[in-house]
Amino acid sequence: MIVEYHKFGPKPDKYIWSRTFTQFEKDLELIKEYNHQIRMDDGHLSQALACFLAEKKGLQVYLGITVDYVGKYGYFTWQDIIELSRKHIICNHSVHHEHLDKKSDSEIYKELSEANYLIVS
């Protein structure tokens, strides 16, 4: 099973997909016990500390990077991504974070190919 996260903070947040770091540390115990995988979407800067907490438990995180968000306020820089890639797995979460189910096959291919190119460059 893959457990997915978006944003973390020291206190509860109004954002529905947010977890506190304390909640996440408790989640990590269960994730490790049941041998689940962790995925984090979009590249929110709070995920860096969450990755460190996972590392302390011997766990690796799959980080889905939305390329358009890189370098924007509150999100990873390319340097952050390079650093995180040393211990975690960087994944393609598209360039623009659009609903791909509304795109043609060629538009999806372009979106994902461009993101791949930018992530591995």
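Contact is taken here to mean heavy atoms within 4.5 Å. The model is predicted, so that local features need pLDDT of at least 70 and side-chain atom pairs count only at pLDDT 80 or more, while totals for chains, interfaces and linings use all residues. Residues are numbered from 1 along each chain as its sequence is written, and side-chain values use heavy atoms, with hydrogens and water left out.

Not counting residues up to four places away in sequence, Ile38 touches Val3, Tyr5, Phe24, Leu28, Ile31, Ala54, Leu59, Gln60, Val61 and Tyr62. Ile38 is also among the residues with the most contacts inside the largest nonpolar core, together with Phe24, Leu28, Met40 and Leu63. This core has 24 residues; a nonpolar core is a set of buried Ala, Val, Leu, Ile, Met, Phe, Trp, Tyr and Cys residues joined through side-chain atoms within 4.5 Å. Buried denotes under 20% relative accessible area, exposed over 50%, and partly exposed the range in between (1.4 Å probe, protein chains only). Two or more residues of the core come from each of α1 (21–33), β4 (37–42), α2 (47–56), β5, α3 and α4 (105–120). Helices (H or I, at least four residues) and strands (E, at least two) are DSSP runs, numbered from the N terminus.

In α2, the buried residues are Gln47, Ala50, Cys51, Leu53 and Ala54. These residues lie on the same side of α2, because they cover an arc of only 160 degrees around the axis; the arc is that of the directions from the helix axis to the C-beta atoms. An α-helix has 3.6 residues a turn, so residues three or four places apart point the same way. The cover over the buried residues of α2 includes β1 (2–5), β2 (7–9), α1, β4, β5 and α3. Gly58, which follows α2, has a positive phi near 80 degrees.

Cys51 has a relative accessible area of 0%. The structure holds zero disulfides, a disulfide being a pair of cysteine sulfur atoms within 2.5 Å. The closest cysteine sulfur to that of Cys51 is in Cys91, 11 Å away and therefore too far for a bond.

Thr66 is placed in the loop between β5 (61–65) and α3 (78–85) and is buried, at 0% relative accessibility. Beyond its neighbours within four places in sequence, Thr66 is in contact with Asp42, His93, Ser94, Val95, His96 and His97.

Ser85, in helix α3, is partly exposed, with a relative accessible area of 37%. A polar atom of the Ser85 side chain lies 2.7 Å from the backbone oxygen of Ile82. The C-alpha atoms of Ser85 and Val61 are separated by 9.6 Å, with the two residues 24 apart along the chain.

How values were computed. A polar contact is a pair of N or O atoms within 3.5 Å; within protein, one must be able to donate a hydrogen and the other to accept it, and residues adjacent in sequence count only if both atoms are side-chain atoms.
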